[in-house]
Amino acid sequence: IASEANKTGRNDRDRDSNAVMPLNQSNSPNDIELTQKIRSGITSDGAMSVQARNVKVISRDGFVTLRGPVETQQEKASIEALAKNAGATRVDNQLEIDRDANQAPAEEY
């Protein structure tokens with residue numbers, strides 16, 4: 001039985017040669033500016049969790065890929081909207097809601 005901490009499925013996905021990773025970020029001025037706008041929008045929003053502030057934003061030819069964990073569906077939707085409003089021609093929203101982040105901590109005795 002695979003443990004949740006193993007995250008084998010995510011590791012397999014990331015090994016795919018077509019997976020978009022941060023190293024795929026374009027160095028074109030337009031893509032750098034697009035990524036900066038999105039990142040600035042995320043970090044300036046006080047409602048974003050620490051996880052959301054650390055998502056990966058990868059721009060290539062105006063196409064933006066969003067990757068990483070967020071705490072809520074609202075954060076996922078807000079970050080996608082930020083990308084679209086910043087000028088992304090398309091957005092591939094691969095953000096994942098971290099179920100563990102929404103569980104109350106166990107009480108200490």
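In β3, Ile97 is the bridge partner of Val70. This pair belongs to a predicted model. Eight bridges join β2 to β3, and the two strands run parallel. On the sheet packs α4, which touches β2 and β3. The direction of α4 makes about 160° with that of β3.

Strand β1 covers residues 56-60, and strand β2 covers residues 63-70. These two strands pair in the antiparallel sense, over five bridges. Within this pairing, Ile58 stands opposite Thr65 in β2. The hairpin of β1 and β2 has two residues between the strands. There, Asp61 takes a positive phi near 55°.

Together, the three strands form an open sheet in the order β1-β2-β3, with mixed pairing. β1 and β3 each have a single partner strand and stand at the edges, so one side of each is left without a neighbour in the sheet. On average, neighbouring strands are turned by 10° against each other, direction ignored.

Helix α2 lies across β1 and β2. It runs at about 155° to β1. At 1.5 Å a residue, the 15 residues of α2 should span 21 Å; the end C-alpha atoms are 21 Å apart, which agrees.

The buried residues of α2 are Asp31, Leu34, Thr35, Ile38, Gly41 and Ile42. Seen down the axis of α2, these residues fall within an arc of 130°, so they line one face of the helix. An α-helix has 3.6 residues a turn, so residues three or four places apart point the same way. The cover over the buried residues of α2 includes α3 (50-53), β1, β2 and α4. Pro29 and Gln36 are exposed, on the face of α2 turned away from its buried side.

The largest nonpolar core has 16 residues. Those with the most contacts inside it are Ile38, Ile42, Val55, Val57, Val64, Leu66 and Ile79. Two or more residues of this core come from each of α2 (29-43), β2, α4 (73-86) and β3 (90-97). In soluble globular proteins, nonpolar side chains tend to be buried together.

Leaving aside neighbours within four places in sequence, Val55 is in contact with Arg39, Ile42, Arg67, Pro69, Val70, Ile79 and Leu95. Among these partners, Ile42 and Ile79 are also listed with the most contacts inside the core. Val70, another partner of Val55, is the residue bridged to Ile97 in β3.

Key: Residues numbered from 1 in each chain as written. Predicted model: local features only at pLDDT ≥ 70, side-chain atom pairs only at ≥ 80, totals over all residues. Heavy atoms only, no water. Pairing = 2+ DSSP bridges. Helix = DSSP H or I, 4+ residues; strand = E, 2+ residues; numbered from the N terminus. Core = buried A, V, L, I, M, F, W, Y, C linked by side-chain atoms within 4.5 Å. Buried < 20%, exposed > 50% of the residue type's maximum accessible area, 1.4 Å probe, protein only. Contact = heavy atoms within 4.5 Å. Axes fitted to C-alpha atoms, helices over the stretch in contact; angles between N-to-C directions. Expected span 1.5 Å × (residues − 1). Arc of directions from axis to C-beta.
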